[in-house]
Amino acid sequence: MGKDVLTGTYFLTGNEACAAGALAAGCRFFAGYPITPSSEIAERMSIRLPQVGGVYIQMEDEIASMAAILGASWAGAKSMTATSGPGISLMLENIGLGVMTETPCVVVNVMRGGPSTGLPTLVGQADVMQARWGSHGDYEIIALSPSSPQEAFDYTIRAFNLAETWRVPVILLMDEVVGHMRERVVIPERKDIKVANRPGPGEPPGKFKAFKPKKDLIPEMPVAGQGYAIHVTGLTHDERGYPAIEWEAQEKLVYRLVKKIRLNSAKIASWEETGVEGAEIILISYGVSTRICRAVREIAREKGVNLGLFRLEVIWPFPEKRVQELATRIKAFVTVEINYGQIALEVERCVAGKCITQLVGHGGGTVHDPQKVLEAVEEIAS
Amino acid sequence: MIEPQILDHPKDLLLRKERIPHIWCPGCGLGSVLSALVDALKSSGLDFKNVAVVSGIGCTGRAAGYLNLDSFHTTHGRAIPYATGLKLANPDLTVIVFSGDGDLAAIGGNHLIHAARRNVDIKVICVNNFNYGMTGGQGGPTTPRLARTTTTIYGNTEKPFNLVHLMAACGAPYVARWTSAHPHYMKIAMGEMLKKDGFSFLEVIAPCPTNFGRRNKLREIKLLQRFLEQAILEAQPDIAKADIELDSPILCGKFVDLERPSYLAALKETVSAKVKVYDFRGDGRVPLEEAPVKPAAAKAPGKPAEVPSERPIIQRPVQIKLAGLGGQGIGLCGLIIGRAAAIFDHNQAVYTQEYSPEARGGASASSIIIASGQIHTPYVTEPDIMVIMAQGAYNKYQKDVRPGSRLIIDKDLVRPKDLPDSVQIQAIPSTRLAEELGQKVVANIVILGFFTALVPHISLAAMQKALKGSIPKGTEELNLRAFETGYNYGKKMQEEEAV
């Protein structure tokens with residue numbers, strides 16, 4: 001059996017690093033369908049998975065890919081798929097099934113410009129709300145956004161750990177720039193990589209209820225072949241997993257699915273603050289746009305403008321408390337994202353009028369011009 | 001008086017008793033099919049712990065929930081890909097898909113044909129009741145012509161699928177059809193499927209008296225009666241004659257039973273045997289000890305690798321753009337420059353590539369930014385150095401050549417024109433020199449050597465190390481000679497210029 005962690009220093013694309021991260025996290029099943037700009041993840045997985053005893057399969061479409069990774073997860077494998085916007089649109093049906101049946105798995109969306117076929121080879125960041133609520137019904141989900149190939153490696157591992165811990169499909173919202181750009185990537189030794197695994201059943205078959213919430217509202221997860229005769233359904237179900245088509249069961253289940261993320265958001269949400277203390281204006285961003293904001297900060301510093309940066313590592317759940325808190329102390333939040341206002345709306349909601357909120361949007365196809373961002377900042381500052 | 005004794009029903013073991021009674025209507029065929037499956041499982045000798053059943057949506061889709069097995073009630077049409085994931089992730093499982101005609105053949109039709117094609121190791125039981133029962137009896141892909149449903153009240157105009165024919169055409173190695181009036185044959189077919197490697201398919205024609213029967217004058221028992229009376233049971237039925245018409249007999253039997261390597265067997269044979277050694281050609285892995293940074297996660301105190309003495313210090317990011325025609329290897333050049341700077345010179349480097357829809361032949365460019373500090377913006381916007389290897393690429397990217405910048409070109413292939421005087425042009429006949437070395441393909445490495453001689457931002461040692469780690473085994477000698485040729489050409493040119 002080959003090694004799943006090929007320790008060393010590389011010069012990798014974000015997509016390649018993502019595949020390496022998945023293997024390091026313990027991913028042993030990948031089902032996917034080719035799509036630009038994510039295909040390199042599938043290509044790399046098709047080479048590497050058989051070497052480590054895993055399975056790669058190219059399905060007939062993204063719907064099937066998503067269904068297959070859910071099935072694989074219930075067979076006990078850590079599983080993943082990777083796609084871009086059009087593929088996510090097809091996967092959303094079974095992402096919902098994954099949410100409803102609390103199935104750990106990772107879905108990578110290397111975002112390109114949309115809507116529809118849009119800009120297959122060029123960057124976008126407009127699938128942020130789709131990641132949150134794209135499937136029908138009410139739910140909470142986890143999404144992360146790396147801003148470099150190194151983070152693509154690190155965050156893919158985080159994504160698996162979060163999926164296993166909170167039993168929910170986790171979306172890795174990469175973007176085309178991060179997916180395709182190369183930078184130095186350091187892959188540590190196996191022993192230095194923290195890996196989380198789903199909690200297994202604590203009771204023998206018979207007494208055990210597969211959907212009874214335990215610690216942190218998370219049920220323990222048996223898998224097929226362990227003798228638990230589990231029943232897993234996308235219908236509203238009771239703690240045994242049996243269909244329960246009534247409002248009381250709906251409230252109990254769906255409220256728990258929402259609460260398990262909301263009430264634990266302090267353990268899940270993650271962000272990075274740079275120069276926020278004492279700043280009058282804070283840029284808020286994620287993914288590749290974070291890099292642009294860092295460049296803006298450097299130019300601003302030369303001009304004597306004190307600019308903070310609030311960078312979302314985990315986008316969903318959104319760090320609302322911290323944003324609320326900061327809003328009372330600053331003049332403005334400026335959201336920088338490659339869309340015409342998605343996270344900006346979330347910022348506005350949290351700020352609730354306590355400071356100025358401004359969007360510097362972009363249609364996609366390339367990254368922001370730092371000067372444009374700076375102009376918006378200077379206008380507010382003056 | 002004799003005390004009444006309550007015994008377990010012989011099928012209880014495999015049913016979730018607490019979920020009975022089921023939701024199926026009186027006269028529905030689904031109970032018989034489920035019952036036959038229970039019988040087949042009981043006689044199979046399988047360890048039920050390792051049997052999983054997957055259903056989609058609809059009346060048949062509820063079957064999974066009544067079986068006391070690991071059971072999965074998935075989304076509409078998606079039982080087959082879900083089952084594929086289960087089986088491939090744990091090959092010890094016997095995975096049965098139990099679903100309806102609308103679920104498997106309409107919304108899930110694409111999955112059905114591809115699962116049969118790839119011969120994935122699952123057993124598909126498709127209960128065909130000619131309509132969408134749960135949603136109120138609408139027509140579907142198996143509704144016979146002229147049949148009345150709630151959406152074909154004037155009579156169905158479409159030709160239905162001949163599912164057994166379809167499955168055989170897709171390469172399924174086991175295909176059979178029975179009706180719910182044939183529990184014995186159903187059980188035999190299911191028993192054979194449980195033993196069969198690869199994809200197996202059983203269509204069971206079942207009555208839906210409530211919806212289909214009611215609208216086609218085939219109420220209650222009449223439909224079942226029709227199956228019994230009109231079914232043609234043949235040992236070797238002709239699949240081409242298996243079309244189903246409203247009033248015609250239904251051809252039943254085993255249509256296909258042949259040996260074909262299953263998906264898992266083929267995977268073992270073709271993939272597993274070859275993966276033992278996979279050389280990461282051009283992956284350029286460098287041991288951590290030689291790397292500029294330790295991973296944040298590493299707890300080991302180990303010293304960071306020593307900064308190379310020849311490391312160029314680059315205060316302001318240097319932007320480099322390389323352009324050529326597809327196939328000239330311009331991307332590899334960029335990759336080697338990036339590796340040299342980011343790994344061996346302990347600087348930072350960001351590499352991006354311009355993608356065009358042409359798979360080959362169009363002008364393409366790759367860009368690298370190098371700095372000793374952090375690099376934020378990933379794109380090259382104002383190149384300090386451009387390397388151009390073909391006229392087509394020059395025509396496309398000439399607009400990016402800035403006053404005062406350096407332009408490195410292939411002397412024979414690029415004729416620069418309309419450039420500001422301040423552009424410093426440095427030319428090498430890289431393709432010609434490569435041809436002299438015996439291989440035109442190393443022209444990119446010749447120009448890389450030339451670039452190394454002239455450009456101060458990457459050390460020679462770093463470039464040589466990066467080159468070695470980026471080329472296929474067995475080509476080292478040729479590539480190193482090509483690099484040296486370009487490097488010496490550049491150094492000589494510099495000396496001559498100095499004189």
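Let's start with a definition: a charge sits over a ring if NZ of Lys or CZ of Arg is within 6 Å of the ring centre and within 35 degrees of the ring normal. With that in hand, look at where the chains meet this way: B:Arg19 lies over the face of A:Tyr242, at 5.4 Å from the ring centre. You can find another such case inside chain A, where A:Arg158 sits over the face of A:Tyr155, 4.9 Å from the ring centre.

Before going on, a word on what you're looking at. This is a predicted model, in which local features need pLDDT of at least 70 and side-chain atom pairs count only at pLDDT 80 or more, while totals for chains, interfaces and linings use all residues. Residues are numbered from 1 along each chain as its sequence is written, chains are lettered from A and ligands numbered from 1 in the order in which they are written, and side-chain values use heavy atoms, with hydrogens and water left out.

Now for rings that meet other rings. Rings of Phe, Tyr and Trp (its six-membered ring) count as a pair if their centres lie within 6.5 Å; planes under 30 degrees apart are called stacked, over 60 edge-to-face, and the rest tilted. Over all chains, the structure holds 13 aromatic pairs. Take A:Trp74 and A:Phe211: their ring centres are 6.3 Å apart and their planes stand at 50 degrees, so this pair is tilted. It ties together distant parts of the chain, since A:Trp74 belongs to helix H3 (residues 62–74) of chain A and A:Phe211 to the loop between strand E9 (182–187) and strand E10 (231–233) of chain A, 137 residues apart. Helices (H or I, at least four residues) and strands (E, at least two) are DSSP runs here, numbered from the N terminus.

A:Phe208 is buried at 11% relative accessibility, and A:Tyr228 is buried at 17%.

The axes of H3(A) and helix H3 (residues 79–89) of chain B come within 6 Å and cross at roughly 40 degrees. Such axes are lines fitted to C-alpha atoms, for helices over the stretch in contact, and angles run from 0 to 180 degrees between N-to-C directions. Angles under 35 degrees count as roughly parallel, over 145 as roughly antiparallel, 65 to 115 as roughly perpendicular and the rest as oblique; H3(A) and H3(B) are therefore oblique to each other.

On to the strands. Two of them pair if DSSP finds at least two bridges between them. In chain A, strand E1 (residues 8–13) is mostly covered, with six of its six residues buried. A:Gly8, A:Tyr10 and A:Leu12 point one way from E1(A), and A:Thr9, A:Phe11 and A:Thr13 the other way. E1(A) and E9(A) run antiparallel and are joined by six bridges, with A:Leu12 opposite A:Glu183.

What is the order of the strands in the open sheet? Nine strands line up as E10(A)-E2(B)-E1(B)-E3(B)-E4(B)-E6(B)-E5(B)-E8(B)-E7(B), with mixed pairing. At the edges are E10 of chain A and strand E7 (232–233) of chain B, each pairing on one side only.

Within this sheet, find strand E6 (residues 200–205) of chain B: six of its six residues are buried, so the rest of the structure largely encloses it. Strand E4 (residues 123–128) of chain B runs parallel to E6(B) and is joined to it by six bridges; here B:Asn128 has B:Ile205 as its bridge partner. Strand E5 (residues 174–179) of chain B also pairs with E6(B) in the parallel sense over six bridges, and B:Trp178 is partnered with B:Val204. E5(B) runs antiparallel to strand E8 (residues 251–257) of chain B, joined by four bridges, and B:Ala176 stands opposite B:Lys254 there.

Conventions
Buried < 20%, exposed > 50% of the residue type's maximum accessible area, 1.4 Å probe, protein only.
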